Amino acid sequence: MKMTKVVPFAMSALLLGGAIGAPTASANEGEATVINAETSEQQVQPIFIKVTGTVENVEVRENATYYTVVDGDNTNIVIANKDSLVFDNMGKEAKLQKGDKVSAYSYGKKPMLAIYPPQYNPEVIIVETEEMGSVEVDFFNKDLVDTENNLKLNVGEDTKLASATGKAVKVDDLKEQHLVVFYTIATMSIPAQTPPSKVIVLDTIEKEEPVEVDPVPTPEPAPAPVDSAVQEIINKDFYEVDGTKMVPLRLIAEKLGFKVEVTPKGAIVSKGALSYTITRGQKEYGYNKALRQFKVAPALLESGKTYVPVEFVEELTK
């Protein structure tokens, strides 16, 4: 699951004089903007900075434990204490240990030490397991929609509600709050809608006055329902990459009556006069003699299984 993006820290840059680059992290974007001095472009400051990786070292100190989290060339320190919120991706309380794959979410407006590797005191830490559970940490508005209009919450009787401070929570208490949302299924609409299994209000973050923004454009009508067997595959076999749901190409294409010819770097999917050429690691794909583009490049996320953005299913069902 998802992903990296460069996050600017104006204060750190001033203190370090540009000697140390900003840490790499992923997050939902919103709120404040900063100016990149080199490119003169505005960059959106994330509401939550997301640090991902594998715990490679654990150092227990007097009042906290320091976890060294490594993701490729990126190294970050995640600091946790006895009051830290630590869950797995299904919403169960968890205990961090060496070898865990984790995602740590820190409120973007908190002060950050000018130190390398970067150190974070996250609001919540998620231990990623093989269970097919998803987590979103973001600010949700009065309609329980996140900042990028990606996810809307349909809270039901089975949804467990809690808060970081232990206070009792009702559905109305979720509105215009920073939330940790655990869910397993979501619709293919815009925004995707989900009946979350668990929601935690991060009431340790001071609530700000809502900022007026331009109205969200009216979304296009949701696509027609896909075959039930295909929908079952989508619900059970998927990954999230850069906020995009990725589903298995061959399983779905063959269910829809397409022939799938495996190539060294992807596959050719065909039926009648239709032909699609898919290449792993490449956003562009061939459609007959034309070129089209995915939001996220297809990838080999499991051994022998190429995954593509779920939107491609709509393409195959036209």
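**Cores, a sheet and one buried threonine**

Student: Which residues touch the most other members of the largest nonpolar core?

Tutor: This is a predicted model, where local features need pLDDT of at least 70, side-chain atom pairs count only at pLDDT 80 or more, and totals for chains, interfaces and linings use all residues. Residues are numbered from 1 along each chain as its sequence is written, and side-chain values use heavy atoms, without hydrogens and water. A nonpolar core is a set of buried (under 20% relative accessible area, 1.4 Å probe, protein chains only) Ala, Val, Leu, Ile, Met, Phe, Trp, Tyr and Cys residues joined through side-chain atoms within 4.5 Å. The largest has 22 residues, and those touching the most other members are Val 247, Ile 252, Val 269, Tyr 276, Ile 278, Phe 312 and Leu 316.

Student: Which elements each supply at least two residues of this core?

Tutor: Helices (H or I, at least four residues) and strands (E, at least two) are DSSP runs, numbered from the N terminus. On that basis the suppliers are α2 (228–236), α3 (249–255), β21 (266–271), β22 (274–279) and α4 (311–317).

Student: Why is one side of β18 and of β25 left without a neighbour in the sheet?

Tutor: The open sheet runs β18-β19-β26-β25 with antiparallel pairing; two strands pair if DSSP finds at least two bridges between them. β18 (239–241) and β25 (299–302) stand at the edges, so each has just a single partner strand.

Student: Is Thr 194 buried or exposed?

Tutor: Thr 194 lies in strand β16 (residues 192–194). A polar atom of its side chain is 2.5 Å from the backbone oxygen of Ile 185. With a relative accessible area of 0%, Thr 194 is buried.

Key: Buried < 20%, exposed > 50% of the residue type's maximum accessible area, 1.4 Å probe, protein only. Polar contact = N/O pair within 3.5 Å; in protein donor to acceptor, adjacent residues only side chain to side chain.
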